[in-house]
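Please keep the sequence and the structure in view while reading.

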Amino acid sequence: MTQPVTGVQRYAHEVTRALDDLLDERSDVSLEILCPELNGPSPIYRNIAVRSVGSAAGHAWEQMVLPRAFKGDALFCPGNTAPIASLLGKPRVVVCVHDLSYLYFPTAYSLPFRAVYNVLTPTIFRHADHVITVSNSEKTAITSRYPHISPRITAVQNGGLAASVDTAAPALADLPEPGYVLYVGSLSKRKNFPRMFEVACDLARRRGQRTVFVGGTAASLEQSDLTIDPDIADKIVFAGQINDTDRLVQYYKGASVFMFPSLYEASPLPPIEAMACGVPVVSSTIPSLLERCGDAAIYCDAEDVGSIASQVEALLDDEKLSENIRLKGRERAKAFNWRNCAERTLELIVG
């Protein structure tokens, strides 16, 4: 509620909305959101109360304010960390640990970030009543490092686009002209941004192809120092961070190909969102993307710029292949919905 909306925040927003819908049918459970003071108006839910407490923010708020303010039977922390006082106390604590990327890619994160997570994550695995993670591949990775969590960890796949999102809404006038290659996500090395940037420059020079990058780089991630040559500057667009889902959908709808050769993901939202919008997907072959995309994408070698470019071009040039992947993608996207995620999550919170 107080941060830019990237993957973890999207998860929290979507699960909360889906839980709110579930409570239309559940009179046996009441939920309340505790959060720091908000800069803008509080979101409105039908069944979930929102209570702002304390003037701190971030981990200071989580560790010092939240444990004192919490008075319920079970505490659900959807964003990787939890208050140590609650973990060591009496209430039931369930935490969604999305991934351990700070361990896999330590140079991509600041020293203070890693220091906090190096304390909090092992504490969560020792003391949380249950841990949720977002894919079977991530569950395997976590339990290989922390075997003792095996009886208390469950994989619950993320959804995709929320059911309330209108993918048929009219196009907005201020978006790039349709026909571009699209990427959505943070512009970081672990997402393979430097190679995607190289692909975008190559496609711009060889065939005048435009590429649009939607997303930003969080302060904790290492910045990518890349520049665009003037002769192709009009072919590469950086749209910045987009928090409005309806506007993001419009970017998907204008794309001819969605490029997602990420080096690491736990349960990524953008490929499924692209599929739901009818955009054929080029993906890397990491386990979580194979798990999530199945046969509804074409795959590339994420460490080979030529492989990424050739698969993107295959979808740009082969109408039959593009349509086949597009149709498979629309069907695949139906398997990932936030209601299923919320139902299983609520079961684990209640215990």
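At what angle do the axes of helix H11 and helix H12 cross? In this predicted model, the axes of helix H11 (residues 305-317) and helix H12 (residues 319-333) cross at roughly 100° and come within 5 Å, which means that H11 is roughly perpendicular to H12. On the side of H11 the contact is made by Ala 314, Leu 315 and Asp 317, while H12 contributes Glu 319, Leu 321, Ser 322 and Ile 325. Of the residues in this contact between H11 and H12, four are nonpolar, one is polar and two are charged.

Because Tyr 11 lies in helix H1 (residues 7-22) and Trp 338 in helix H13 (residues 338-350), their pair ties together parts that are 327 residues apart in sequence. Tyr 11 is buried, with a relative accessible area of 1%, and Trp 338 is likewise buried, at 4%.

Tyr 104 belongs to helix H4 (residues 101-104) and Tyr 264 to the loop between strand E10 (255-260) and helix H9 (270-276), so this pair ties together parts that are 160 residues apart in sequence. Here Tyr 104 counts as partly exposed, at 23% relative accessibility, whereas Tyr 264 is buried, with a relative accessible area of 9%.

Ring pairs also link several residues into a cluster, among them Tyr 183, Phe 193, Phe 238 and Phe 260. Finally, the charged end of Arg 292 sits over the ring of Phe 336, 4.7 Å from its centre.

Note on methods:
Residues numbered from 1 in each chain as written. Predicted model: local features only at pLDDT ≥ 70, side-chain atom pairs only at ≥ 80, totals over all residues. Heavy atoms only, no water. Axes fitted to C-alpha atoms, helices over the stretch in contact; angles between N-to-C directions. Helix = DSSP H or I, 4+ residues; strand = E, 2+ residues; numbered from the N terminus. Parallel < 35°, antiparallel > 145°, perpendicular 65-115°, else oblique. Contact = heavy atoms within 4.5 Å. Nonpolar A, V, L, I, M, F, W, Y, C, P; charged D, E, K, R; others polar. Buried < 20%, exposed > 50% of the residue type's maximum accessible area, 1.4 Å probe, protein only. Phe/Tyr/Trp six-rings, centres within 6.5 Å; stacked < 30°, edge-to-face > 60°. Lys NZ or Arg CZ within 6 Å of the ring centre and 35° of its normal.
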